Amino acid sequence: TTTYTVTVADMAAGSVVNAVTGTADNPTNDPTTVTPAQETTTTVTPVSSVNVAKVITSKPENGETYVLGEKIAYRVTVTNTGNVELTNIVLNDTLVPLEPIERLAPGASQDIDYTYTVTEKDVATGTVVNTVTGTGTTPDDSNTPTATDTSEVSTKVSTEVIDDNPTPLATHDGHSCWVHWLMLLGILLTL
């Protein structure tokens, strides 16, 4: 028994042809019958398949939830799980535009790392949901179906808004100046 690994060229040809011949020495010089070569043809079915996996690779700075303006780091891993080469693998991400992957051989993977900044809209909903879909074609895409897979991750976002530029308690315009003086007078009366 022997084994043979199907190659990309075999996939392109659509079959594997294998021929076997045998030779032997005849020590008694008796007449020998020679059997012609035995040939088998095995049809190879091209299968296009892709796996898209997405994970969050960062942790919130406060250890619990991401806040407005904080970056969430993502990693998308695209793997060719079929037996044909995939080309022009387009990645559609719901949050960030991503460049396509030019080609992936069968069994090959590629990682894409990127970040997304939490927006006011995310804070209003309390969650960031990120979905990515990868779609690849084969060099001979007329005979093999397109390969597609989707992955989604979500994370909680703090709904508290931190004001980095608070309004001062009193300024020197007419109305707030009186507030300032009344506060000062209240302090003096308690002394």
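Analyst: Among contacts between residues at least 6 apart in sequence, 64% join residues at least 24 apart, a figure that belongs, like everything below, to a predicted model. The chain carries three helices and nine strands, and from the N terminus on these elements follow the order α-β-β-β-β-β-β-β-α-β-β-α. Of its 191 residues, 28% count as buried, while the accessible surface comes to about 13,300 Å², with 54% of that area belonging to carbon and sulfur atoms.

Within this setting there are three salt bridges. As a general point, side chains of opposite charge can pair when their charged atoms come close.

One of the three salt bridges joins the side chains of D93 and K54, with an N to O distance of 2.6 Å. Since D93 belongs to strand β5 (residues 86-93) and K54 to strand β3 (residues 50-56), the pair ties together parts of the chain that are 39 residues apart in sequence. Both partners fall under the 20% limit for buried residues: D93 has a relative accessible area of 13% and is therefore buried, and K54, at 5% relative accessibility, is buried as well.

Another salt bridge brings together the side chains of R75 and D113, here with 2.7 Å from N to O. This pair also links distant parts of the chain, with R75 in strand β4 (residues 71-80) and D113 in strand β7 (residues 109-117), 38 residues apart. As for cover, R75 counts as partly exposed at 33% relative accessibility, and D113 is likewise partly exposed, its relative accessible area being 46%.

The remaining salt bridge is formed by E85 and R103, whose closest N and O atoms are 2.8 Å apart. In this pair E85 is placed in the loop between β4 and β5, whereas R103 is part of strand β6 (residues 101-104), so the contact ties together parts that are 18 residues apart in sequence. A relative accessibility of 21% makes E85 partly exposed, because the class of buried residues ends under 20%; R103, at 44%, is also counted as partly exposed.

Notes: Residues numbered from 1 in each chain as written. Predicted model: local features only at pLDDT ≥ 70, side-chain atom pairs only at ≥ 80, totals over all residues. Heavy atoms only, no water. Salt bridge = Lys/Arg side-chain N within 4 Å of Asp/Glu carboxyl O. Helix = DSSP H or I, 4+ residues; strand = E, 2+ residues; numbered from the N terminus. Buried < 20%, exposed > 50% of the residue type's maximum accessible area, 1.4 Å probe, protein only. Contact = heavy atoms within 4.5 Å. Areas by Shrake-Rupley, 256 points an atom, 1.4 Å probe, with all protein chains shown as cover.
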